[in-house]
Amino acid sequence: MSLTSAATLATLDRTGPRRITDLAAVEGVTQPAMTALVRVMEESGLVERRGDASDKRVTLVCLTEAGASYVRTRRQAGVHAFERLIGGLTGDEVEALVAALPALKHLAELESQARERPKQ
């Protein structure tokens, strides 16, 4: 799976259903490229298109259970990878990481906010 596909699934998991144009802007790709990507993910059973109840002209891209499961599995694999790496650190190094957690959390929040704004 491409990084853009994985990022798009993660965006849908984090933010809920989105328009293709919104997804394209957030992921920094063209609308035709996102349309093609959504079609492939739809054929794979990871997303589905649904009508927007508030605007019948709009189609939203939504995660399926398979898509949500894929995102959870990827995140869990990342957690396990970090666990293995941290297991090889010294006690002082682990303490330094723990002390840095507030700053790392803030960085993650900033990154999440930046991903929600369309790329220019």
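Close-up 1. A salt bridge is taken as a side-chain nitrogen of Lys or Arg within 4 Å of a carboxyl oxygen of Asp or Glu. By this rule, the count comes to 6 salt bridges.

**Close-up 2. Packing of helix α1 against helix α3.** Helix α1 spans residues 3-15 and helix α3 residues 31-43; their axes are 11 Å apart, at an angle of about 80°. Axes are lines fitted to C-alpha atoms over the stretch in contact, and angles run from 0 to 180 degrees between N-to-C directions. The angle makes α1 roughly perpendicular to α3, a term applied to angles of 65 to 115 degrees. In the contact (heavy atoms within 4.5 Å), T4, S5, T8 and L9 of α1 meet M34, L37 and M41 of α3. By class, this contact of α1 with α3 has 4 nonpolar, 3 polar and no charged residues. Ala, Val, Leu, Ile, Met, Phe, Trp, Tyr, Cys and Pro count as nonpolar, Asp, Glu, Lys and Arg as charged, and the others, Gly among them, as polar.

**Close-up 3. Crossing of helix α1 and helix α4.** The axes of α1 and helix α4 (residues 65-87) cross at roughly 105° and come within 10 Å. From α1, A6, L9, A10 and D13 meet Y70, V71, R74 and R75 in α4. The contact of α1 with α4 has, by class, 5 nonpolar, no polar and 3 charged residues.

**Close-up 4. Interface of domain 1 and domain 2.** The protein chain is divided into domain 1 (3-87) and domain 2 (89-119), with bounds from an automatic or database domain assignment. The contact takes 12 residues from domain 1 and 8 residues from domain 2. About 790 Å² is buried between the domains, 42% of it given by carbon and sulfur atoms; buried area is the accessible area (1.4 Å probe) that two parts lose on being put together, summed over both. In domain 1, R14, V26 and I86 lose the most area to domain 2, together 53% of what that side buries. Across this interface the rule finds 0 salt bridges.

**Notes.** Residues are numbered from 1 along each chain as its sequence is written. In this predicted model, local features need pLDDT of at least 70 and side-chain atom pairs count only at pLDDT 80 or more, whereas totals for chains, interfaces and linings use all residues; side-chain values use heavy atoms, with hydrogens and water left out.

Definitions and conventions
Helices (H or I, at least four residues) and strands (E, at least two) are DSSP runs, numbered from the N terminus. Angles under 35 degrees count as roughly parallel, over 145 as roughly antiparallel, 65 to 115 as roughly perpendicular and the rest as oblique.
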